[in-house]
Amino acid sequence: VDMSIELAGVRLQNPVMPASGTFGYGQEYKDVFDLNKLGALVTKSITKEPRYGNELPRIAECTSGMLNSIGLQNPGLEHFREVDLPELRKIYRGPIVANISGFSVDEYREVAAKVDREEQVEILEINISCPNVDHGGSAFGSNPKLSEEITRAVRDVTKKPIFMKLTPNVLDITEIAKACESGGADGISLINNFKAMRIDLKTRKTITSKTYAGLSGPAIRPIAMRMVNEVYHACKLPIIGIGGISCADDVLEMIMAGATGIEIGSANLVDPWTCQKTIDALPKRMKELGIRNLEEIRGVV
Ligand code: RRO
C-alpha cells in the first residue's frame, strides 16, 4: 500500500505530523523514536519576540481530553532561526512546517517574511486561532476580514505554501476558510482547541491560572471531523485535519472526511510514541480495509 501524500506540492512519506506545540522543535522527542518516520514535523508557534507564556498551572486533565493555556511560550523568531531550526535539521531530514503567530497583521507579515528566507522550512502554518492570549489569537481567526487580511499579508511575502490554522470557536467555519482561500492560502489546518474551563472544588478557583483554557483531545474529534468535512465541501484547498486523532483508524476516518494530511496533538502527551505507533499501524489497517492509497478514500463522505 502507498501511504504517501502530496500537500500543496510537497511530498510527504505519510500523512502523520505532530500538531504544533506538542513536539517543541523536535529535541524533546529525538530519543523517544526516529523523527524521520514522520510525514512532516510541525514546530511550536513562534512570535517576533520571545514569550514566557501564562503563569502555572496551565494544563488540566479532563474526561476525554485536556485543557491548556500555555499562552504562546516560545523562544522568539531570532532564536528559532539561529538555534532551533539548525538544531532540528541536525536530527531530522524530512519536511519542516513552521507555525507562526502574531499580535498584528504587520507582525505576521514580518515574521513570515523572515521565515520565508529559511531554506529548511517547506510549509508555513499560520496560527490565527490561539485562544490563550489576551489579544490577537482566535480574535483574528473568528473574524473573516482579519483572516483574509492576514492571509494576504503573508501571501505577499512568501511563495512557500501557506496553511491557515483555524479556530473552531466560530458559528460557520466555512466562512473563515473561504476568506483564507480568497486571501491566497494554499491550504487550511483545522481545528485548534475549544475555549473551555475547569474548577477545583477545594480552592473554588479555576484549575488553570487563566480562567479559560483550550479543550483538545478525543472529546473534540467528532466535531473536528464535521468541520473538516464542511471545509472540504466549501473550498478547493487541501486540508490538514487536526482534533483528537490518536491511532491509524482515526487518521483514515479524518481522511475520509476530506483531510489530506493529519496532525496528532494531545495524544502525544498521553503516549509519546503515538505518532510512531500510528505510522507503523497505518499500512496494516489500509490493507485490512482494502485501501491501496489515501487519495482513493479522501472526502468519500
Ligand atoms: O500556546 C498556547 O497556549 C497554544 C496555542 Br498558541 C495554540 O494555538 N493552541 C493551543 O492549544 N495552545
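Reply: Happy to. Let's take helix 6, residues 221-234: its 14 residues should span 20 Å at 1.5 Å a residue, and this agrees with its end C-alpha atoms, which are 20 Å apart. The expected span is 1.5 Å times one less than the number of residues. Helices here are DSSP runs of H or I with at least four residues, strands are runs of E with at least two, and both are numbered from the N terminus. This is a predicted model, so local features need pLDDT of at least 70 and side-chain atom pairs count only at pLDDT 80 or more, while totals for chains, interfaces and linings use all residues. Residues are numbered from 1 along each chain as its sequence is written, and side-chain values use heavy atoms, leaving out hydrogens and water.

Several residues of the helix are buried: Arg 221, Ala 224, Met 225, Met 227, Val 228, Asn 229 and Val 231. Buried stands for under 20% relative accessible area, exposed for over 50%, and partly exposed for anything in between, with a 1.4 Å probe and protein chains only. The buried residues of helix 6 pack against helix 5 (173-182), strand 10 (187-190), strand 15 (239-242) and helix 7 (248-257); contact means heavy atoms within 4.5 Å. Helix 6 lies across strands 10 and 15, and runs at about 165° to strand 15. Such angles run from 0 to 180 degrees between N-to-C directions, using lines fitted to C-alpha atoms, for helices over the stretch in contact.

Strand 10 runs parallel to strand 15, joined by three bridges; Leu 190 has Gly 241 of strand 15 as its bridge partner. Pairing requires at least two bridges found by DSSP between two strands. Another three bridges link strand 10 in parallel to strand 9 (residues 162-165), where Lys 165 stands opposite Ser 189. Strand 9, helix 5 and strand 10 form a right-handed β-α-β unit: with the strands pointing away from the viewer, the path from the first strand over the helix to the second runs clockwise.

These strands belong to an open sheet of eight, ordered 3-16-15-10-9-8-7-4 with parallel pairing. Strand 3 (16-18) and strand 4 (41-42) are at the edges with a single partner strand each, so one side of each has no neighbour in the sheet. Helix 4 (residues 144-157) also packs on the sheet, touching strand 8 (121-127) and strand 9, and its direction makes about 155° with that of strand 9.

Two nearby stretches of sequence deserve a look as well. Leu 190 is joined to Ile 191 by a cis peptide bond, with omega about 10°, and Ile 191 lies in the loop between strand 10 and strand 11 (194-196). Ser 216 is buried at 12% relative accessible area, and its side chain makes a polar contact of 2.7 Å with that of Ser 266. A polar contact is a pair of N or O atoms within 3.5 Å; within protein, one must be able to donate a hydrogen and the other to accept it, and residues adjacent in sequence count only if both atoms are side-chain atoms.
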